[in-house]
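Let's walk through this model together, starting with the sheet and then moving on to the packing around it. Keep the view beside you as you read.

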Amino acid sequence: MERDLQRLQRSGGQLSFVCMDLTDEARAGARCTHIMVRLADLAAQSLDACDTLGALPDRGIALLLPGFGPLRARALAMRLRERFLSESQPGDACGFAVLTLAQSARITVKDLLERISPLLDRARARTDSVQFEAVNTTAGQPDTLVQSQEKRFLYFGGA
């Protein structure tokens, strides 16, 4: 995570996390381990070469997706949720959450994990949808590498 956050800060781009965790009722059930293995398997099937699948410190699974913007990450989470629901048994409830970082976001791993935890808690409480949050911790900064004044100069050749 640290490496991908540093790359994001250095060269820009997008970074998304798709997080999954069982509800308290599903976690208390006898099939908890089987469901978590199934979730990890579903997530692993969606990985590209540069993506990372891992466990969150408290609990749950997270996909680290460099180069994924908010729309693409949300679509992936919705596909994973639909596949999970189609293959699950009654009582197997899981929350899905998406956290995306903007190009100019400067955030530490600790801060990132602190943002993921409440988002995942909301997702576990509302399993009927995918919870989403976009982080841009440097408000007022443009999302492109070229400032608006520079765009004007590049287009029209003058100040």
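## The sheet

Two strands are taken to pair if DSSP finds at least two bridges between them. Strands (E, at least two residues) and helices (H or I, at least four residues) are DSSP runs, numbered from the N terminus. With that in hand, β1 and β3 pair in the antiparallel sense over six bridges, and C19 stands opposite A62 in β3.

A word on the source: this is a predicted model, in which local features need pLDDT of at least 70 and side-chain atom pairs count only at pLDDT 80 or more, while totals for chains, interfaces and linings use all residues. Residues are numbered from 1 along each chain as its sequence is written, and side-chain values use heavy atoms, with hydrogens and water left out.

The open sheet has five strands in the order β2-β3-β1-β4-β5, with mixed pairing. Its edges are β2 (52–55) and β5 (130–135); each has a single partner strand, so one side of each is left without a neighbour in the sheet. From one strand to the next, the twist averages 20 degrees; here axes are lines fitted to C-alpha atoms, for helices over the stretch in contact, and angles run from 0 to 180 degrees between N-to-C directions.

## Strand partners

A55 stands opposite I61 in β3, and L53 has L63 as its bridge partner. These two strands form a hairpin with five residues between them, and G60 in the turn has a positive phi of about 105 degrees.

L99 stands opposite E133 in β5.

## A buried strand

How many of the six residues of β3 are buried? Six of the six are, so β3 is largely enclosed by the rest of the structure. Buried means under 20% relative accessible area, exposed means over 50%, and partly exposed is in between (1.4 Å probe, protein chains only).

In a regular strand the side chains alternate between the two faces of the sheet. In β3, I61, L63 and L65 point one way, whereas A62, L64 and P66 point the other way, and all are buried.

## Helices across the sheet

Helix α1 (residues 2–11) lies across β1, β3 and β4, running at about 150 degrees to β1. Helix α3 lies across β1, β2, β3 and β4, and runs at about 160 degrees to β1.

## Nonpolar cores

A nonpolar core is a set of buried Ala, Val, Leu, Ile, Met, Phe, Trp, Tyr and Cys residues joined through side-chain atoms within 4.5 Å. The largest one here has 23 residues, and those with the most contacts inside it are V18, M20, L22, L39, L63, L80 and F96. At least two residues of this core come from each of β1 (15–22), α3 (32–45), β3 (61–66), α4 (70–87) and β4 (94–101). Helix α3 gives the most, with six residues. Apart from this core lies another, of 19 residues, among them L15, A97, L101 and I116.

L80 lies in helix α4 and, at 2% relative accessibility, counts as buried. What does L80 touch, not counting residues up to four places away in sequence? The list is V18, M20, L42, A43, S46, L63 and F96, where contact means heavy atoms within 4.5 Å. L80 and Q45 are 35 residues apart in sequence, and their C-alpha atoms are 9.8 Å apart in space.

M78 also lies in helix α4, but at 40% relative accessibility M78 counts as partly exposed. The C-alpha atoms of M78 and F96, 18 residues apart along the chain, are separated by 8.1 Å.

## Charges over rings

A charge sits over a ring if NZ of Lys or CZ of Arg is within 6 Å of the ring centre and within 35 degrees of the ring normal. The charged end of R72 sits over the ring of F68, 3.8 Å from its centre. Likewise, the charged end of R74 sits over the ring of F132, at 4.0 Å from the ring centre.
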